[in-house]
Amino acid sequence: MSNKKLDLADGTLRQRRNLLLVTMILIFMEHGNVSFGSDVKIFGASASIGNPDFILQFLFLVQAYFLWRFYQYFNADGAYSELRNQYRQSLTNKLDSSTLQQIFKELPDGQRSLSGSYSYGGLESHDSNYFQVEVEMPKAGGNFENEKLSLKIPKGPIERQRIPALIGFSFRGRILTDFFLPYLLVGYSTVVYLV
């Protein structure tokens with residue numbers, strides 16, 4: 001799998017589809033008040049069901065099987081680790097951008113350029129509220145020397161970027177629909193029958 005595109009294998013998509021189909025049938029049965037009697041007609045032939053409650057139990061067993069298979073296939077694809085790596089990259093980009101914004105806010109007036117690169121990973125904790133970072137800036141006067149400056153930048157604005165990064169990744173990426181939606185629906189279908 002590449003970092004830019006996450007495609008699930010055909011087997012994984014098939015297991016996901018089967019899981020969603022059985023789960024939606026269970027949810028429809030509960031909310032539609034579907035019940036089974038003892039007589040059923042299949043292709044015009046009559047059949048007698050001695051234990052209609054078994055149909056529901058059987059569907060839950062099938063759902064559990066497809067849930068297990070989907071989990072196996074999803075992990076065999078390496079999809080979960082790929083999604084995790086994509087999220088980490090997205091979070092790193094967001095935190096690095098926020099770090100640079102905070103550094104520029106703390107620079108002396110009139111200073112608009114830095115030498116070197118600065119990232120969230122390079123920050124040192126000063127105390128519970130501030131990071132410590134050493135920056136290099138070109139000296140005034142046009143010579144090619146750099147001046148070093150130690151800055152304290154607030155942690156709060158940087159750390160708060162974790163929440164929008166998570167929300168943005170969840171809705172932009174396919175993690176909600178490809179991975180979490182089937183699990184959420186299975187959980188919902190189970191809770192609906194237990195309550």
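Trainee: How many helices and strands are there in the protein chain?

Mentor: The protein chain has six helices and five strands, taken as DSSP runs numbered from the N terminus (helices: H or I, at least four residues; strands: E, at least two). This is a predicted model, where local features need pLDDT of at least 70, side-chain atom pairs count only at pLDDT 80 or more, and totals for chains, interfaces and linings use all residues. Residues are numbered from 1 along each chain as its sequence is written, and side-chain values use heavy atoms, with hydrogens and water left out.

Trainee: Thanks! In what order do the elements run from the N terminus on?

Mentor: The order is α-β-β-α-α-β-β-β-α-α-α.

Trainee: And what does the C-alpha trace span along its principal axes?

Mentor: About 95 × 35 × 20 Å. The radius of gyration is 28 Å, whereas a compact globule of 195 residues would be near 16 Å; that value is taken over C-alpha atoms, and the globule rule is 2.2 Å times the number of residues to the power 0.38.

Trainee: How many of the 195 residues count as buried, in percent?

Mentor: 30% of them. Buried means under 20% relative accessible area with a 1.4 Å probe, protein chains only.

Trainee: Let's switch to the largest nonpolar core. Which residues have the most contacts inside it?

Mentor: Those are I103, L114, V133, V135 and I153, in a core of 15 residues. Such a core is a set of buried Ala, Val, Leu, Ile, Met, Phe, Trp, Tyr and Cys residues joined through side-chain atoms within 4.5 Å. At least two residues each come from α3 (79-106), β4 (130-138) and β5 (146-154), and β4 gives the largest share, four residues.

Trainee: What does I103 touch?

Mentor: Leaving aside residues up to four places away in sequence, I103 touches L114, Y118, V133, V135, L151 and I153; contact means heavy atoms within 4.5 Å. There is also a second, separate core of 14 residues, with L19, V22, F66 and V186 among them.

Trainee: Last one: how many bridges join β1 to β2?

Mentor: Four, and the strands run antiparallel; two strands pair if DSSP finds at least two bridges between them. I42 has A45 as its bridge partner, and F43, in the turn of this hairpin, has a positive phi of about 50°.

Notes: Buried means under 20% relative accessible area, exposed over 50%, partly exposed in between (1.4 Å probe, protein chains only).
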